[in-house]
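This report is meant for a reader who is meeting the structure for the first time. Please look over the sequence and the model before reading on.

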Amino acid sequence: MKKIGFIGAGNMATAIIKGLMAQNNGKADFINVFDLSTEKCNVMKELGANVFSSGSEVAKESDIIVLAVKPQNYPEVLEALKPYVDESKTFVSIAAGISISFVQNGLGCKCPVMRVMPNTPLLLKKGASALCPSENLNEENKKIIYDMFAGSGACEYITEEHMNEIISVNGSSPAYIYLFAKAMADYAEQCGISYDKAMNLICATLEGSAAMLRESGDSADVLIEKVSSKGGTTIAALDKLKEHNFYQAVQDAMSACTKRAEELGK
């Protein structure tokens, strides 16, 4: 069985590791981990993973290495791994803005790379991950990595030219959805409705709306039309959103997200 290493054991890495364990009868003996935090390392030991004292040891002992560190830390992490890698090692990058070539240049090696943009609902096996493989990534490892993320949610392959843009679609977007839900629940509370009861109904509405978008066969425009009776309450709400340029505000936010991803990758 392929050994899978993780450099970094934060929330995202932990979610991926738990997903891998679930796919392998709860076993973690094929998982190698390093993190600067003793506390996180202890959590990994309790799960049954092999904990190492450095990222370079993880790289040496693993076939596939997941770089689960912040984009700002990539240069130093890649530099430290450089002496210990060759093209037999496959890397997975899950950091915003970090390109395949950035990883390969940092390692000084044309290692196969899968660039992935996951999101935090992966923690609940409700994730959405965009994946982009380098041309030299073999089919076996490509499938292992795809399954690593597909075990915790939806996956789509995206070309690298759009990997910065996709961050605004699935990577950062949970935050705007949370803000939207918070605004709705705060309004309900201001009206004297229990925040918790309102949030329960809002969450169910978000889930139901997502199911309608996926399963009804109708486009978003048609679904909006079906909720909107002429002269009714929904139209009044939509008119106010138009007045505040809601649609354009969302697109501007997504554009700002993409721009920041491009800056992080430089």
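Is Phe180 buried, partly exposed or exposed? With a relative accessible area of 38%, Phe180 is partly exposed, where buried means under 20% relative accessible area, exposed over 50% and partly exposed in between, for a 1.4 Å probe and protein chains only.

## Basis of the description

This is a predicted model, in which local features need pLDDT of at least 70 and side-chain atom pairs count only at pLDDT 80 or more, while totals for chains, interfaces and linings use all residues. Residues are numbered from 1 along each chain as its sequence is written, and side-chain values use heavy atoms, with hydrogens and water left out.

## The sheet and its helices

Eight strands make up an open sheet of mixed pairing, in the order 3-2-1-4-5-6-7-8; strands (E, at least two residues) and helices (H or I, at least four) are DSSP runs numbered from the N terminus, and two strands pair if DSSP finds at least two bridges between them. Strand 3 (50-51) and strand 8 (153-157) stand at the edges with a single partner strand each, so one side of each has no neighbour in the sheet.

Strand 6 (residues 113-117) pairs with strand 7 (residues 127-133) in the antiparallel sense over four bridges, and Val116 stands opposite Leu131 in strand 7. Helix 4 (residues 74-81) packs on the sheet and touches strand 1 (4-7), strand 4 (64-67) and strand 5 (90-93), contact meaning heavy atoms within 4.5 Å. The direction of helix 4 makes about 155° with that of strand 4, whereas helix 7 (residues 163-171), which touches strand 6 and strand 7, makes about 40° with strand 6; axes are lines fitted to C-alpha atoms, for helices over the stretch in contact, and angles run from 0 to 180 degrees between N-to-C directions.

## Aromatic rings

The structure holds two aromatic pairs, counted where ring centres of Phe, Tyr or Trp (its six-membered ring) lie within 6.5 Å, with planes under 30 degrees apart called stacked, over 60 edge-to-face and the rest tilted. One of them is the tilted pair of Phe180 and Phe246, at 6.1 Å centre to centre and 40° between the planes. This pair links distant parts of the chain, 66 residues apart, with Phe180 in helix 8 (residues 173-190) and Phe246 in helix 12 (residues 246-264). Phe246 is partly exposed, at 36% relative accessibility.

## Leu213

Leu213, in helix 9 (residues 195-215), is exposed, with a relative accessible area of 51%. Apart from neighbours within four places in sequence, Leu213 is in contact with Asp218, Ala220 and Leu223.
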